[in-house]
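Please keep the view open while reading.

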There are 2 protein chains.
Amino acid sequence: MKIAIMGFGTVGSGVGEILMNSFDNLAKKAGEKIEVKYILDLRDFPDSPYDCFIKDYNIILNDPEIEAVIEAMGGTVPAYEFTKKLLLAGKHVVTSNKELVARHGTELLQIAAEKNINYLFEASVGGGIPIIKPLINSLTGDDITGIVGILNGTTNYILTQMIKNGKTFRAALSEAQEKGYAEKDPTADVEGIDTCRKIAILASLAYGKYVDSNFIPTEGITKITPEDAKYAQAMGYSVKIVGQCVKDGNGVYARVCPAFISSESPLAGIDDVFNGILVQGDSLGDVMFYGKGAGKLPTASAMVADLVDVAKHRNTHIRILWAESEEGYLHDGSKQKYSYYLRVSGAAEGFEEYAAKKLPGLENEFAVIVPPVSEAELEELLKSSPFDGHEILGKIRVI
Amino acid sequence: MKIAIMGFGTVGSGVGEILMNSFDNLAKKAGEKIEVKYILDLRDFPDSPYDCFIKDYNIILNDPEIEAVIEAMGGTVPAYEFTKKLLLAGKHVVTSNKELVARHGTELLQIAAEKNINYLFEASVGGGIPIIKPLINSLTGDDITGIVGILNGTTNYILTQMIKNGKTFRAALSEAQEKGYAEKDPTADVEGIDTCRKIAILASLAYGKYVDSNFIPTEGITKITPEDAKYAQAMGYSVKIVGQCVKDGNGVYARVCPAFISSESPLAGIDDVFNGILVQGDSLGDVMFYGKGAGKLPTASAMVADLVDVAKHRNTHIRILWAESEEGYLHDGSKQKYSYYLRVSGAAEGFEEYAAKKLPGLENEFAVIVPPVSEAELEELLKSSPFDGHEILGKIRVI
């Protein structure tokens, strides 16, 4: 099978590396050799062991020998147009591009189905952790009630530093940037946008209908303080940024937000750049997938596995249920009841029923966990005694 | 698609329950309805909502309408003969029968390949945890260097009780039996036989060559004492029974044994009846799969997912690499170096370099962790100073 790689940055060059180093082994698994015929990149790579670089996309599109293409360009321009034309031309596409899948997945999967080929994107969520295929092929015997995922290694690293080493958000971010875990412009990570795209993809697959990431309420890491982290630890919780989706009647709701996670949960121990995805099923109970959620080789490895799958299914479309969703299918979940951690100003008198937690060094404030309430009920609660007259210094959902 | 269920015990009836309760949902996922036409069992089930019980296996074998069969009989007689004839007749078979897969997997998969059908066994390892398909379809972009799994919920429950509540093995086993976690005859669980079959299946899939469970050195739980558990906790380890396989040159070695697991490992926190399977890859690093490793509905859910897969791949054989292995492929791994926990009699004088650990209440003994050695080197070490003259009261490998 002859393939092309589009985009020779971190992930694309990782794919090239694995395809070269594991050539024989992969041929055995795939049932045939996988050969890189073209690499598309505007840059030059004089030191690469490959010598098949091109700058014109049309060479790939018009070469009938090319059966599958690795899309590791990122973004939607020109990746969307390129991918669509390749699929229409009957070429399989394997991608790590979460933005593209989250935005145009419905259409691109539709084209792949019509052309009896495959558009595969295991690498778009959780790096090398198998989660997309398990959702499509392995967890189909169950009704999935919800998914909670720690889906972004950068913010998880920052939070781990804040909690374990008492760093501020700014200091932890700088360190993450120095170590190469965070981009120069960290907005997509710290504002939760990356997590949002990933949970949108997982929700679309888990229930077979498109969930548009643009309509998922998304809150990032920036408002979490070292004090919140201290209270969390003292009260037996971890603080994480999670993407969550929940089946709710005929609809679904999804959200990205900071969360207090009980130390009993398998998600609580997932630190540093690791990701964990907890799938909750009717029959299965909790199933968790854990591993490195990012990085050159783990992500590239997931793409190569998709390529092997393509080689094994040359003339078969792998059925993926991901239809258009009707108006109102995704709702805001404001009526769902959750416990909340609240950091409250003033003295703790009157808060006995909430077992108020005071910490040494944090004078004239305390924290409580309130029992499950809807968002409207929480608002009412905060207006009434004993909360009225106290300032709420921090508020984080308990999951 | 019309199917039959063979064996209507815990798992088989669980499959019946899910197929009935999720009928419409499954039809959507599979692309067609999945109808139970026969249930084979020698017993009567007058209270079952199903009324298609039969006692003659040949009805299933000779009915051309039956396309797939759930084998939930367990054991190898008559499951082996029945499965083989069904596959030869061109019917897909889905099983949870680890004994049968571990013993006859090579032959049965070979027949399935020749007949262009599928023999699927996700439920044979890890109950509802997806691990078989991820090994076949998702982790193929990587060279798997090793697998370590907590694969038996019964022994993990017993160990958790010994460690967290200081119970003896006998007391914990009785409790497990009362709660229905352990069989009346617990031999297969406590002697490690169940774990051994499961790691043999995983090893056969990970490297594409048959690993015969009969030749895997297997040690169960019975020799672990509450004292070992206490030392483990004091030294920052968990004690678990693990199945392990390691790629070693052109061969592989596998083993089932008690293990000290560092509290840093994601496996350390897997308690009670949960299972965890850690796959170590060249590019991926560590990936872990976690969930309930047994039980009626989790296991049944995995079988139903395999059925959905069969429905989606009616005329396609899902390629599974599992060939005969050559003489000497599986070796005993005695040259592999491991650290060991040793519980030693006598006074700790002379053991300064090993940072000997003494525990209150355990007089005239202590524990050490020795640096990585092969089995022969360990034997030598124990014969020489400072170990000579001391009795070894306990010895557990550190993984």
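In chain A, six strands make up an open sheet with parallel pairing, and their order is E3-E2-E1-E4-E5-E6. Strand E3 (53-54) and strand E6 (119-120) of chain A lie at the edges, each having a single partner strand, so one side of each has no neighbour in the sheet. Strand E2 (residues 35-40) of chain A runs parallel to E3(A) and is joined to it by two bridges, and Leu40(A) stands opposite Ile54(A) in E3(A). Strands (E, at least two residues) and helices (H or I, at least four) are DSSP runs numbered from the N terminus, and two strands pair if DSSP finds at least two bridges between them.

The model is predicted, with local features needing pLDDT of at least 70 and side-chain atom pairs counting only at pLDDT 80 or more, while totals for chains, interfaces and linings use all residues. Residues are numbered from 1 along each chain as its sequence is written, chains are lettered from A and ligands numbered from 1 in the order in which they are written, and side-chain values use heavy atoms, without hydrogens and water.

A search of the whole structure finds three cavities of 30 Å³ or more. A cavity is a set of points on a 1 Å grid over the protein atoms alone where a 1.4 Å probe fits but cannot get out, and its lining residues have an atom within 4 Å of a point. Two of them are set out below.

| Cavity | Volume | Largest share of the lining |
|---|---|---|
| Largest | about 160 Å³ | four residues, from H6(A) |

Of the 17 residues that line the largest cavity, Lys133(A), Asn137(A), Asp309(A), Ile318(A) and Asn137(B) lie nearest its centre. The lining of the second largest cavity includes Tyr119(B), Phe121(B) and Asp306(B).

Elsewhere in chain B, Asp271(B) is placed in the loop between strand E9 (251-262) and strand E10 (274-281). Asp271(B) counts as buried because its relative accessibility is 17%, where buried means under 20% relative accessible area, exposed over 50% and partly exposed in between (1.4 Å probe, protein chains only). Leaving aside residues up to four places away in sequence, Asp271(B) touches Asn156(B), Thr160(B), Lys164(B) and Lys240(B), contact meaning heavy atoms within 4.5 Å.

Conventions:
On a 1 Å grid over the protein atoms alone, a cavity is a set of points where a 1.4 Å probe fits but cannot get out, and a pocket is an open set with protein on both sides within 12 Å along at least five of seven lines; lining residues have an atom within 4 Å of a point. Grid points are joined across faces, edges and corners, and a volume is the space filled by probe spheres set on the points.
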